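Open the structure in a viewer with residue selection and distance tools at hand.

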Amino acid sequence: MRDDAPLPEADALPGAPHPRFATRVFGHGAAEADLLDAVASDRLHHAWLLTGPKGIGKASFAWRAARFLLATPASDPGPSLFGDAPAAATSLDIDPDHPVARRIAALSDPRLYLLRRPYDEKTSRFKQDIPVDAARGLKGFFTMSAVDGGRRVVIVDAADEMNASAANALLKVLEEPPADTVILLVCHAPSKLLPTIRSRCRTLRMGPLSEPDLGDALAQALGAPLPDAELASLNALAEGSVGQAITLRDAGGPEAYGSLLGLMDGLPRLDRPATLKLAESAAARGAEARFDLLLMLTETFLFRLARTGATGHPPTGASPQEAALLQRLAPTAQAARGWATAQATLLAKARAGRAVNLDPTALLLDMFHGLQEVASAQGTA
């Protein structure tokens with residue numbers, strides 16, 4: 001890495017702009033309305049827990065809320081050093097040329113504190129969790145006084161990545177929150193948080209995006225709208241997660257899913273050369289991410305199989321030939337239970353093996369043979 005190159009950011013997705021640059025957030029109008037109502041009624045809670053699947057725009061919403069809260073005075077302050085406040089709080093929109101918006105884009109606003117996993121330049125990788133030193137930095141942040149009645153905002157991304165000591169340090173802040181401070185906790189897995197942290201937050205539950213909202217979010221992130229067929233495929237595989245959709249697109253996910261469907265179409269028998277070729281594609285030099293991609297796509301396929309058997313109706317959109325395959329392999333609720341069990345056991349076995357550096361080709365072959373056994377046991381035609 002060049003000395004003048006910007007450091008990587010743990011809360012940024014490769015191939016997409018950082019969430020702080022998202023001028024719009026799609027599909028979360030209810031969450032925005034709840035926050036605006038709290039501001040308008042002077043019932044703004046000091047901590048908000050933004051929950052929902054990963055990649056649906058929670059971080060983008062947090063940055064959008066931060067811009068609004070920092071540009072809107074907590075009380076009538078008279079002349080402001082931070083620019084004019086919005087005339088009416090009808091949305092969280094803030095002009096990109098607003099001084100607060102420009103400072104947030106540059107990560108230079110003194111009233112904003114970002115708590116995230118730091119980058120270790122010595123090892124050239126991110127810390128595995130948010131360490132306690134980063135959380136203790138809040139103490140110094142709060143010693144600075146908020147000017148002109150302005151608020152202070154803390155963004156934690158992601159809260160479920162804090163280690164135990166960092167979580168306890170944040171808990172102390174939540175127990176005695178400083179005045180005019182709002183803490184926005186982005187959280188993918190609330191069950192991993194201390195119950196005492198959850199109890200001190202107001203929760204905003206945010207769900208997966210609809211296909212139109214996903215399309216708009218992808219167009220904003222990628223700079224151009226996607227063709228309808230590509231969007232439909234990504235929407236089916238990513239299940240409403242724009243982050244997942246970008247990852248799948250960059251990794252060739254739809255094409256890999258097509259290869260997986262072609263292999264599964266042979267069940268209860270597998271084409272051995274094709275199976276070996278697909279498994280070996282994850283063992284090539286520089287193809288470490290391919291293993292994770294194939295596991296993720298297999299998990300998606302098995303989930304869609306189980307859903308088909310349970311409901312009697314296959315989900316659509318991922319591939320033209322998928323629906324008939326799903327109906328053939330999962331014609332009944334009993335078959336759905338078998339595939340759901342396979343999803344839980346075979347995927348867990350493959351991930352556990354990779355965690356101890358077992359050969360990825362052997363792990364994938366074992367998983368595919370396990371699927372063949374499930375199909376044979378069910379008497380799949």
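**Stops in the model**

Start by selecting Leu-114, which is found in strand S2 (residues 112-115); strands are DSSP runs of E with at least two residues, helices are runs of H or I with at least four, and both are numbered from the N terminus. This is a predicted model: local features need pLDDT of at least 70, side-chain atom pairs count only at pLDDT 80 or more, and totals for chains, interfaces and linings use all residues. Residues are numbered from 1 along each chain as its sequence is written, and side-chain values use heavy atoms, with hydrogens and water left out.

Not counting residues up to four places away in sequence, Leu-114 touches Asp-11, Trp-63, Leu-107 and Ile-155 (contact means heavy atoms within 4.5 Å).

Next select Arg-20, in the segment before helix H1 (29-40). Arg-20 counts as buried because its relative accessibility is 9% (buried means under 20% relative accessible area, with a 1.4 Å probe and protein chains only). A polar atom of the Arg-20 side chain lies 3.0 Å from the backbone oxygen of Ala-105. Residues touched by Arg-20 include Trp-63 and Leu-107.

Finish with helices H8 (residues 228-238) and H9 (residues 242-250), whose axes come within 9 Å and cross at roughly 115 degrees. Axes are lines fitted to C-alpha atoms, for helices over the stretch in contact, with angles from 0 to 180 degrees between N-to-C directions. To display the contact, select Glu-230, Leu-234, Leu-237 and Ala-238 of H8 with Gln-244, Ala-245, Leu-248 and Arg-249 of H9.

Key
Buried means under 20% relative accessible area, exposed over 50%, partly exposed in between (1.4 Å probe, protein chains only). A polar contact is a pair of N or O atoms within 3.5 Å; within protein, one must be able to donate a hydrogen and the other to accept it, and residues adjacent in sequence count only if both atoms are side-chain atoms.
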